[in-house]
Amino acid sequence: MKSHFTVSLILLLFYAAPASTAPLGTRTVLDDGATLLVAERPGIPMVVMNIVLKTGAAVDPDGKTGLANLTASLLTRGTKKHSTQALAAELDFLGASLNVDADYETTTISLTTLTKNLEPALELVAEVLLLPTFPPAELERTRKEIEGGLQSHEEDPGWVAQKTFLAKLYPHHPYGKLVEGQPATLATLTQADVKKFHQTYYRPNNAIVALAGEISQEQAVNLLRRHFADWQPADIPSVAWPDARQLSAERITLDKKVSQANVVLGHPGIARSNPDYYAVQLMNYILGGGGFGSRLMDKIREELALVYYVSSSFSVRKHPGPFTVGLQTKNATATQALEESLQVIKRFIEQGPTEAELAAAKAYYINSFPLRLVSNRDVAALLPVLEFYDLGLDYPDRYASLIGQVTLEQVHNAAKTYLHPDQLLQVVVADLKQAGLDHAQPQ
C-alpha cells in the first residue's frame, strides 16, 4: 500500500541533517512548469532520478478505486516503441532500473543508471512517460496480478486489521480506500479510463523532477529540454478533500482462526503542515515510536509480557493521516493488552515525558539523519519531499535546531492535544472465542 516515495517520506522527514552550510541542491522551474531539483554529487559515476507527480489514488473517481495504481503499473508494460519485454531488455542492457509506484497523493517514476548511460536511459524514461500504450492484454494481466496480491493479503490478519481500521476511520475519504483498489472496482477499469487518467495528470506542471549524482544543474536542464520537449503542460483538476470524521470509542472484532491476535487502535492525526509537527514526532517517539525504551514497549512487552510487538505512529501527509497503535499478542491476552495500552496512553497524557526521554528522542532524530543521506538514492528521494511540503532545500541545515528547540512543555501539550483515548477506534482480528470476544456483536 505504500510507494517508494511514501516510505522515504515517512523515514526522511523525521531525521535531522549533518552540519552543512549549503542547500542540498538547486531548484529551477522549467518552461513547461516542471520543478527541477538537482543535487550534484560527484565521485560515484551514477545518477538517480525521481519524477514525482503530485497526484495519486486520492483522485480515483468514485467506483473506480485503483485507477491511479493501475495506470502507474501499466506505464512500463508497453509503449509505442517497445513491448514490455523489449523495454526490460533495453534497461537490462544499460544496467538501469526503472520503477513506477502510486500512493495516495503522489506517483513516482524512479530511474537508477550509470552516468555514461544516462542519455539513453532518459530516452526510455521519456518514452514510458509520454508514449505508453496500455495494451489490453497487459491491462488484464496487471489487473489479475493486483487482484491476486489483494487476495493473498486477506490471509494476513495484520493487513486485514489495518484495512478495516482505515476504512472505518476514513469513510468517504481517500485515505480509507486501498491504493490498489478492490476486485469490484478493478473490474470496472478500462483502457479508456487509464488513458484519460494519464492524459489528465501526467503533466510537467504537475511534476517534481529530482536528480542526484554525477550531474550538474546545467546538464540536467539541457537533458530534460532535449528528451522531454514533447511533454506539454495542461490544467490539473483540483481535488476537494473531505475532513476526517470525529470519533467516539468503538470496537470492531473480526473472527479469524489465527494463533496471534492483531490489534489496531487509533484516530485521525495531523497533517505535515501542523505547527506542532516536531513536538508530535518527539511525543510519539517517547510513547511508542521509539521501539525498546518507549512507554508502550516498556510497559506492555517488557513489564507485563503481553505482546510480541507494539508501536505507535503518526502518518503525516498533506492532509491529516492516522494516529495508530498496533500490537500483536496471544488471543487470550488481546483484551488485556488493549486495555493496558489505553492506560499507558492516559498516563502519558497526565504525566508527560521526562527530561531524559525527551533528550533521548532528540538525540535519535538529530544523530540518525547522516545515515539517510549516504547514497544518491536517499538524496533523490528526499529532494521531492522537501519540495512537496514546501520545506526548502536548506531544510537539512535547519532541522537540528527545529528539533532541538522543542521544549518538555510543548511535548506534553502535544500529548494532551493530539491523543484522544476516549475517541480511539479499536479493531481486533483474532480467534474471538479464545480471546473471550465471541459474544461481541458482528460488525
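Q: What conventions apply to the numbering and the values?
A: In this predicted model, local features need pLDDT of at least 70 and side-chain atom pairs count only at pLDDT 80 or more, whereas totals for chains, interfaces and linings use all residues. Residues are numbered from 1 along each chain as its sequence is written, and side-chain values use heavy atoms, with hydrogens and water left out.

Q: Is strand S11 mostly covered or uncovered?
A: Strands (E, at least two residues) and helices (H or I, at least four) are DSSP runs numbered from the N terminus, and buried means under 20% relative accessible area with a 1.4 Å probe, protein chains only. Strand S11 (residues 425-430) is mostly covered, with six of its six residues buried; Leu-425, Val-427 and Val-429 point one way, while Gln-426, Val-428 and Ala-430 point the other way.

Q: Which strands pair with S11, and in what sense?
A: Two strands pair if DSSP finds at least two bridges between them. Strand S7 (residues 250-255) pairs with S11 in the parallel sense over six bridges, Thr-253 having Val-428 as its bridge partner, whereas strand S8 (residues 260-268) runs antiparallel to S11 and is joined to it by five bridges, with Val-264 opposite Val-427.

Q: Which residues touch the most other members of the largest nonpolar core?
A: Such a core is a set of buried Ala, Val, Leu, Ile, Met, Phe, Trp, Tyr and Cys residues joined through side-chain atoms within 4.5 Å. The largest has 70 residues, and those touching the most other members include Tyr-278, Leu-282 and Phe-314; helix H10 (residues 277-289) gives the largest share, nine residues.

Definitions and conventions
Buried means under 20% relative accessible area, exposed over 50%, partly exposed in between (1.4 Å probe, protein chains only).
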